Amino acid sequence: MISKKILLITAILFLLSYLTAEDLILDIMFSNDIHGGIDRYPATFMNPEFPPMLGGGAVAATYIKEVREKSGEQRDNLLIDVGDFFQGHPIGTVSKGVSVMEYMNKIGYDLTVVGNHEYDIGEDELIKTYEHSKIPILACNIINKKTGKLVDYVQPYLMVEKMGVKIGIIGVTTTDTEMMSFPEHIKNIDFTPVKPAVEKYIKIVKDEGADIVIVAGHMGLPYTPQPTYDYRYGDKKREREYRWGLDSQELAHEVDGIDLIIGGHMHKGFDEPWEDPVTHTLCIQGYAYGSSLGHILIKIDKETKQLSGWEAPTEKGILVTLFEDQIIPDKDMYGFIEERRKKAEKGMDEVIGETSVFLSKSGTGAQSVIGNFIVDVMREATNADFSFLNLGGIRDEIDLGPITYREVFNVQPFDNQLVVFKASGEFLKRIIEKRVEGSRHGLRVSGVNVVYNRKRKNFDRVTKLLIGGEPWDKDKIYTIVTTDFLMQGNAGLTLLTQVPEEDITRLENNMRDVIADYIRKNSPVKARIDDRWKKDDNSEMDPQLIKELNK
């Protein structure tokens with residue numbers, strides 16, 4: 001018979017072996033696309049009528065501190081940001097990112113990655129902002145054109161050791177930046193292809209002894225990861241069109257040796273990681289504007305020092321929404337942020353006018369109520385014949401009733417300026433045709449009436465075109481207004497770079513101020529959906545248009 005003493009010893013040995021074999025836990029907390037959202041603000045996107053309050057950086061600070069308190073011999077943490085950290089909320093935009101960088105220093109981020117919107121203020125100003133950073137700034141694919149080397153303000157990777165495990169973290173910036181930034185702002189740099197750059201540094205960090213490889217990338221997962229994966233790599237896969245750079249999913253599938261990709265850029269969060277079925281790389285991503293903090297518990301095998309699994313901190317998943325009524329804001333951090341917010345937002349709550357309609361982003365096709373309002377303001381402010389704006393150029397709505405400057409800021413958080421130019425009717429039509437080419441959805445427009453047929457071939461899709469209510473004239477010189485962002489060839493409108501400089505007038509009027517001035521002088525303002533833009537795949541070519549084309 002086995003004695004009780006032997007049984008006890010056996011049980012103790014079993015327990016000790018279980019405890020020593022227990023996985024190490026690495027708490028990875030992450031943010032992406034903060035866009036200055038470190039201040040508290042109402043979550044109107046969740047409930048427009050009774051929005052819950054998001055606590056921003058002060059609530060995030062409480063959560064981060066609580067997680068860090070759990071660290072010990074078998075548990076540690078990382079705090080990572082993957083870019084687009086400041087441009088959007090006044091506290092970030094007005095301070096050119098300095099206030100958000102100070103917050104990141106104070107809470108103790110381990111690193112941040114360069115996002116595409118960092119270059120909205122130009123490289124020279126960005127360098128000044130980064131001078132305030134006490135944390136590493138990562139990007140392995142931003143090259144100085146003159147030297148052919150990485151720009152001075154970044155490092156390609158970071159090696160950290162947690163619980164005896166060596167972790168190599170590689171930073172990467174989307175090559176989409178070249179199509180989404182002012183050329184003048186990035187004239188001295190190149191964004192090299194993501195795949196070979198990451199492959200290069202995977203080898204380097206592994207040579208330095210990395211047990212775990214993480215890519216912190218300002219590049220995102222598709223909105224529907226699995227259907228997109230099946231479309232790309234399944235039995236019925238199609239050839240990829242490389243108009244845009246690689247995203248996180250493609251990097252995960254096409255590059256071996258990555259354990260985890262922390263992504264951003266897309267403003268779409270996922271409550272669970274997406275795992276590549278071949279490489280088993282995990283991809284995670286959060287929502288934008290500081291509305292949530294990502295948190296995933298990575299399990300690491302003690303013996304092999306390899307990733308063995310993951311857990312979520314709550315039943316809801318790996319994204320923690322920063323509700324102020326659920327997590328008490330950190331008092332010290334709240335005061336720190338409030339001081340900087342008040343300075344940035346001085347005068348923003350002044351009522352500048354009112355609207356008699358809800359200026360909504362909803363609408364039909366390329367039209368929305370607020371979109372029509374903005375381009376109408378642009379045209380009237382410059383006495384132009386035609387105004388246009390890209391579909392993504394409007395970021396918020398304005399409620400019925402009083403309007404504050406803050407609301408105008410939220411609609412136009414970026415520092416775009418108006419540009420007026422002269423061009424022929426033929427060139428004007430080319431602008432419209434370019435934006436209905438392929439699967440493109442068009443433009444916000446004012447001063448024109450457009451009908452187009454998507455069944456027709458590219459650059460011959462417009463079937464009816466009126467300018468100021470009059471038939472389009474191929475040879476007439478029209479006055480056109482748009483933004484400096486589009487004039488530099490963004491949103492696919494590279495043809496605008498062909499306009500001779502002598503035909504361009506750069507007004508240097510900030511779009512926000514133009515809109516605010518209009519509201520002050522024309523309240524109550526109103527707008528509506530009308531017949532300015534229509535897709536009709538059964539439409540025939542207008543005889544007047546045919547006559548003019550054959551002239």
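Arg 379 sits in helix H11, which spans residues 369–382 (helices are DSSP runs of H or I with at least four residues, strands are runs of E with at least two, and both are numbered from the N terminus). The model is a predicted one, in which local features need pLDDT of at least 70 and side-chain atom pairs count only at pLDDT 80 or more, while totals for chains, interfaces and linings use all residues. Residues are numbered from 1 along each chain as its sequence is written, and side-chain values use heavy atoms, with hydrogens and water left out.

With a relative accessibility of 24%, Arg 379 comes out as partly exposed (buried is under 20% relative accessible area, exposed is over 50%, and partly exposed lies in between, using a 1.4 Å probe and protein chains only). Setting aside neighbours within four places in sequence, Arg 379 touches Ala 384, Asp 385, Phe 386, Ser 387, Ser 446, Gly 447 and Val 481, where contact means heavy atoms within 4.5 Å. Val 420 is 41 residues from Arg 379 in sequence, with 9.6 Å between their C-alpha atoms.

Glu 184 belongs to the loop that links helix H6 (177–180) to strand S10 (189–191). Glu 184 is also partly exposed, at 46% relative accessibility.

Helices H4 (residues 98–107) and H10 (residues 331–344) pack with their axes 10 Å apart, at an angle of about 165° (axes are lines fitted to C-alpha atoms, for helices over the stretch in contact, and angles run from 0 to 180 degrees between N-to-C directions). H4 is therefore roughly antiparallel to H10, a label for angles over 145 degrees. On the H4 side, Ser 99, Glu 102, Tyr 103, Lys 106 and Ile 107 take part, and they meet Asp 332, Met 333, Phe 336, Ile 337 and Arg 340 of H10. Sorted by class, this H4 contact with H10 has 5 nonpolar, 1 polar and 4 charged residues (Ala, Val, Leu, Ile, Met, Phe, Trp, Tyr, Cys and Pro are nonpolar, Asp, Glu, Lys and Arg are charged, and the others, Gly among them, are polar).

As for disulfides, the count is 0, taking a disulfide as a pair of cysteine sulfur atoms within 2.5 Å.

How values were computed:
Parallel < 35°, antiparallel > 145°, perpendicular 65-115°, else oblique.
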